[in-house]
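Please give a short tour of this structure for someone who has not seen it before.

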Amino acid sequence: MRESSSNPVPVERPRLVGRSSSHFTRVVRLFAQECGAPYELQVVGSLLATDPAAYGGHPGLRLPSLITAQGTVFGALGSCRALALHATRPLRMVWPEATPAPLAANALELTVQAMSSEVSWIMVTGTGGEACGYAAKLRTGLDGMLGWLEHNVEPALAALPERDLSYLELSLFCLLEHLEFRQVLPLAPYLRLQQFRERFTERPSARATPFVFDGSPAAAQRQEEAQRQEEAQRQEEAQRQEEAQR
Ligand SMILES: N[C@@H](CCC(=O)N[C@@H](CS)C(=O)NCC(=O)O)C(=O)O
């Protein structure tokens, strides 16, 4: 992953318009790591910007979007699907349409809804709306969804077909990490969800894509590390090709 300024086309490699502190963006960053798809990150500076250009042309003023040579894809799921076309590693992926109903499909629905409710809660409370009735409703809904997920996570995951990764696991991990990163709610009461999160954290893709606020010293350090890893991978690949030609 590289970080770019907001250059217009041509697009050499897919450009992910998002933020390193956003859970929907992390879904795409994590997926790219899992399947070895190259991309550049174009950081959205402010979530209060009202010009679609700040969001890669997203008319709903949302992120992420993925700018590719074929056009711009809006949203996390579409961006993952588009990046799958650039995969350099095989990945048996369970996409939403292959997620068995009702249990695993409900878990996916509630995970993605909880991600959206969390976004709304952060936006409402971050712009002076802490005391409004809607903030309270969002919070109650979030608690309800987390409770349901805690109760059903194990059978829902067990219902998934054989795989390397599923959109459910990818999204659920990003949701749980983000709830804690943004201190929206503590995960302490949710033991099964914590266990899932701990297992998923072992994946190199999870370790390679931590949440950071873009522009912070942690983000700069992360960026340097990613460039070092990318260079090491490039050299390894060149060496492999050289050996194969001997
Ligand atoms: N359905 C979209 C949702 C994207 C979304 O809500 N992104 C958040 C950031 S994580 C956002 O754009 N927030 C800005 C806002 O709420 O105005 C997707 O799956 O990508």
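From which domains does the shell around the ligand draw at least three residues each? The shell draws at least three residues from domain 1 (1–91) and at least three from domain 2 (93–205). The domain bounds come from an automatic or database domain assignment.

This is a predicted model: local features need pLDDT of at least 70, side-chain atom pairs count only at pLDDT 80 or more, and totals for chains, interfaces and linings use all residues. Residues are numbered from 1 along each chain as its sequence is written.

**The ligand shell**

The ligand is surrounded by 14 residues. The closest are Ser22, Phe24, Arg62, Gly75 and Ala76. By type, the shell holds 9 nonpolar, 4 polar and 1 charged residues. Here Ala, Val, Leu, Ile, Met, Phe, Trp, Tyr, Cys and Pro count as nonpolar, Asp, Glu, Lys and Arg as charged, and the others, Gly among them, as polar.

Three helices each supply at least two shell residues: H1 (23–35), H2 (76–84) and H3 (103–126). The largest share, 3 residues, comes from H3. Helices (H or I, at least four residues) and strands (E, at least two) are DSSP runs, numbered from the N terminus.

**A strand pair and its crossover**

Strand S2 (residues 15–18) pairs with strand S3 (residues 40–43) in the parallel sense, over 4 bridges. Two strands pair if DSSP finds at least two bridges between them. Within this pair, Gly18 stands opposite Val43 in S3. The chain runs from S2 through H1 to S3, and this β-α-β crossover is right-handed. That is, with the strands pointing away from the viewer, the path from the first strand over the helix to the second runs clockwise.

**The core**

The largest nonpolar core has 51 residues. Such a core is a set of buried Ala, Val, Leu, Ile, Met, Phe, Trp, Tyr and Cys residues joined through C-beta atoms within 7 Å. Val27, Val28, Phe31, Leu83 and Ala107 touch the most other members. Several elements give two or more residues to this core, among them S2, H1, H2, H3 and helix H4 (133–158). The largest share, 9 residues, comes from H5. Both domain 1 (1–91) and domain 2 (93–205) contribute, so this core lies between them.

A residue is buried if 20 or more other C-beta atoms lie within 10 Å of its own, exposed if 12 or fewer, and partly exposed in between; these atoms are placed from the backbone. Tyr39 sits in the loop between H1 and S3. Tyr39 is buried, with 23 other C-beta atoms within 10 Å.

Most residues other than glycine have a negative phi, and most peptide bonds are trans.

| Cis bond | Omega |
|---|---|
| Leu63 and Pro64 | about 10° |
| Ala101 and Pro102 | about 0° |

Pro64 is in the loop between S3 and strand S4 (65–68). Pro102 is in the loop between strand S6 (93–94) and H3.

Which value does phi of Leu61 lie near? It is near 60°, a positive value in a residue other than glycine. Leu61 lies in the loop between S3 and S4. Leu61 counts as partly exposed because it has 14 C-beta neighbours inside 10 Å.

Gln183 also has a positive phi, of about 50°. Gln183 lies in the loop between helix H5 (167–181) and helix H6 (191–201). With 7 C-beta neighbours inside 10 Å, Gln183 counts as exposed.

Notes: A residue is near a molecule or strand if its C-beta atom, placed from the backbone, lies within 6 Å of it.
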